[in-house]
Amino acid sequence: MAGDVQCDLCPTECVLGNYQVGGCRTRINKDGVLYSLVYGKPCAVAVDPIEKKPFFHFLPATSAFSIATAGCVLSCKFCQNWQISQASPDEVDAQDLPPADVVRQALYYRCRSITYTYTEPTVFYEYMYDTAQIARKYGIRNTMHSCGYIKEKPLRRLAKLLDAADIDLKAFTEDFYGRICGGRLKPVLDALVVLRQENVWLEITNLVVPGLNDDPKQIGEMCRWIVKELGPDVPVHFSRFHPQYKLKDLPPTPLATLKEAHQIARDAGIRYPYLGNIRSEAESTFCHKCRLLLIERIGYFVKQNNIVKGKCRSCGVAIPGVWS
Amino acid sequence: MKMQRRDFLGFFLLGGLLSLLIRKLWPKGLQQPKEAMFWRRKA
């Protein structure tokens, strides 16, 4: 008789009986073997500007071939992609797109990178891993946008194929992660440190939700942790919340709140804080030394780029990032 | 009827075309489920 299995991909560590599906909805125990239900079956496929991911210090003004399957390891009440992240694979329209075909299409659309994104790439780990291996052979970079809720061993293995990661650091309290996301903060902080150790280019996104994670003191603590543990060069994107899913009663994040978060980050020593989902000067990149406008952005469009061979055109200081 | 070389060739080609057709019409039926990379059996 088939026994229980334990999934070792994310910190939830689901224990599954025969034919039981994991909390992420993408793994199943069949006769004592754990299988992926989403391998090669993306429900979202698109070519996006890399700035949309958002990556502001990684191959600017290039296209990212972006894919996602259904499922997620968390259940954030504010999820902006809840229609597919909180769905089961059989509840979405998915297409058959094996790893080799992902790379083929990325090449066809002249994408410099493949981004595993939209929902949560951890849940389609095997698909991401196999695709990333092939992509490397063809000189295509691999990036992911993830909540970072993944165990160390799979993360370190994946990091060998990853060129960049944007991690959602949703808040800086266990209470928020438990109450609002159904997870824990500590594994995400550990994942950030691992990515830094593995020299994966790192950017962080913080969705600022009014009344839940917009406390200036907490934002300050988060920024100081980032500077201390990851370094001042990690770009941090403070993103505007729009009412979605289970938090439709909250207002969108006020611009003043976002600007305050931006200033707190700068005061904490973060060299490249940005604002996202909102038009402002804080979408552009300024040299941390001489304040020259380096990359002017309007939305996802790069209007001008004054970074020359990875350095500021004016003062010559090296600008952190992957520019070619 | 005595089988000739062209008959074998015909059957061979027919088999190949049939296989191609099945792959196109029924791709899911031929796929093996993908085993997860990180898991363990519980005692």
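These legends describe views of a predicted model with chains A and B.

**View 1. Chain A holds eight helices and 17 strands.** Helices (H or I, at least four residues) and strands (E, at least two) are DSSP runs, numbered from the N terminus. The radius of gyration of chain A is 19 Å, close to the 20 Å that the globule rule gives for 324 residues, so chain A is as compact as a globular protein of that length. That radius is taken over C-alpha atoms, and the rule is 2.2 Å times the number of residues to the power 0.38. The C-alpha atoms of chain A fill a box of roughly 70 × 45 × 35 Å along the principal axes.

**View 2. In chain A, 58% of the 324 residues count as buried.** Buried means under 20% relative accessible area, exposed over 50%, and partly exposed in between (1.4 Å probe, protein chains only). Chain A exposes about 13400 Å², and carbon and sulfur atoms supply 49% of this area. Accessible areas come from the Shrake-Rupley method with a 1.4 Å probe; for residues, only the protein chains shown count as cover.

**View 3. Strands β14(A) and β15(A) pair in the antiparallel sense.** Strand β14 spans residues 293-298 and β15 residues 301-305, with four bridges between them. Two strands pair if DSSP finds at least two bridges between them. Ile298(A) has Phe301(A) in β15(A) as its bridge partner. Two residues lie between the strands of this hairpin, where Gly299(A) takes a positive phi near 65°.

View 4. Two bridges join β1 (residues 5-7) of chain A to β2(A). Opposite Val5(A) stands Leu16(A) in β2(A).

**View 5. Chain B has two helices and two strands.** From the N terminus on, its elements run α-α-β-β. Of the 43 residues of chain B, 7% count as buried. Its accessible surface comes to about 4400 Å², with 63% belonging to carbon and sulfur atoms.

**Notes.** Residues are numbered from 1 along each chain as its sequence is written, and chains are lettered from A and ligands numbered from 1 in the order in which they are written. In this predicted model local features need pLDDT of at least 70, side-chain atom pairs count only at pLDDT 80 or more, and totals for chains, interfaces and linings use all residues, while side-chain values use heavy atoms, with hydrogens and water left out.
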